[in-house]
Amino acid sequence: MTDHTGIARLLSDRPMDAVSLDWLKKAHDAQLALCAALEDIADSLPANINRQKCMYAAKSLIPLVNGVHRYEEETLFPLLEKLRAHDGELTDAIARLKFEHVEDECFAEELTDTLTRLGSGDAGVNAEAAGYMLRGFFESIRRHIAFEQQFMLRGPLAS
């Protein structure tokens, strides 16, 4: 789901007052699909850029990243902290994930600008730097999701 309409629908269906692991799985799947699209773009540099894919990714990136982060910070993390109130490792992990959210959101803004420039055919974009940015971003998002799925979404929430 890398199209802007599908992402907008996903975000509008976001539960506001309850944790939904089903919704979070869909959100993770959407993020991973966007990561795959970003990897395709990186692989296409410098000569075979799909400008339309760049524009779709640019339009979807910030809303998806910020929307999932808001859900985690406003709904998921508070519940985990409540269920496992005396778990210092969990508290540290959540603090780290929140810090990663800030980094990811700043990186998404820079990447959106680069994707927009690539999509509009701006010849001034350094393809090597753009590829490095893309790979750094999607690998970070993939690691973040893997950590959440492996360590945070098991136990009290999975039962």
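Guide: Buried means under 20% relative accessible area, and exposed means over 50%, with partly exposed in between. Please keep in mind that this is a predicted model.

Visitor: With those words in hand, which residues of helix α1 are buried?

Guide: The general idea comes from the helix itself: an α-helix has 3.6 residues a turn, so residues three or four places apart point the same way. In helix α1, which spans residues 4-12, the buried residues are G6, I7, L10 and L11. These residues cover an arc of only 135° around the axis, which puts them on the same side of α1.

Visitor: And which residues are exposed on the other side of α1?

Guide: There you find T5, R9 and S12, which are exposed.

Visitor: What do the buried residues of α1 pack against?

Guide: They pack against two helices, namely α2, residues 21-44, and α3, residues 51-83.

Visitor: How should I read the packing of two helices, and at what angle do the axes of α1 and α3 cross?

Guide: Two packed helices are described by the angle between their axes and the distance between the axes. For α1 and α3, the axes come within 10 Å and cross at roughly 15°. Since angles under 35 degrees count as roughly parallel, that crossing makes α1 roughly parallel to α3. The crossing in which α1 passes α3 is left-handed.

Visitor: Which residues of α1 and α3 meet there?

Guide: From α1 come H4, I7, L10 and L11, and they meet K59, S60, P63, L64, G67 and V68 of α3. Divided by class, the residues of this contact of α1 with α3 are 6 nonpolar, 3 polar and 1 charged.

Visitor: How do α2 and α3 pack, and at what angle?

Guide: Their axes are 10 Å apart, and the angle between them is about 150°. Because angles over 145 degrees count as roughly antiparallel, this packing makes α2 roughly antiparallel to α3. Here too the handedness can be stated, for α2 passes α3 in a left-handed crossing.

Visitor: Which residues of α2 and α3 meet?

Guide: On the α2 side the residues are W23, L24, A27, H28, A30, Q31, L34, A37, L38, D40 and I41, while on the α3 side they are K53, C54, A57, L61, L64, V65, V68, Y71, E72 and L76. By class, the contact of α2 with α3 has 16 nonpolar, 2 polar and 3 charged residues.

Visitor: What is the relative accessible area of D113?

Guide: D113, found in helix α4, residues 88-119, has a relative accessible area of 45% and is therefore partly exposed.

Visitor: Where is the place of G136?

Guide: G136 belongs to helix α5, residues 127-152, and is partly exposed, with a relative accessible area of 30%. Between the C-alpha atoms of G136 and F107 the separation is 9.3 Å, while along the chain these residues are 29 residues apart.

Notes. Residues numbered from 1 in each chain as written. Predicted model: local features only at pLDDT ≥ 70, side-chain atom pairs only at ≥ 80, totals over all residues. Heavy atoms only, no water. Buried < 20%, exposed > 50% of the residue type's maximum accessible area, 1.4 Å probe, protein only. Helix = DSSP H or I, 4+ residues; strand = E, 2+ residues; numbered from the N terminus. Arc of directions from axis to C-beta. Contact = heavy atoms within 4.5 Å. Axes fitted to C-alpha atoms, helices over the stretch in contact; angles between N-to-C directions. Parallel < 35°, antiparallel > 145°, perpendicular 65-115°, else oblique. Left-handed = near helix turned anticlockwise from the far one by under 90°. Nonpolar A, V, L, I, M, F, W, Y, C, P; charged D, E, K, R; others polar.
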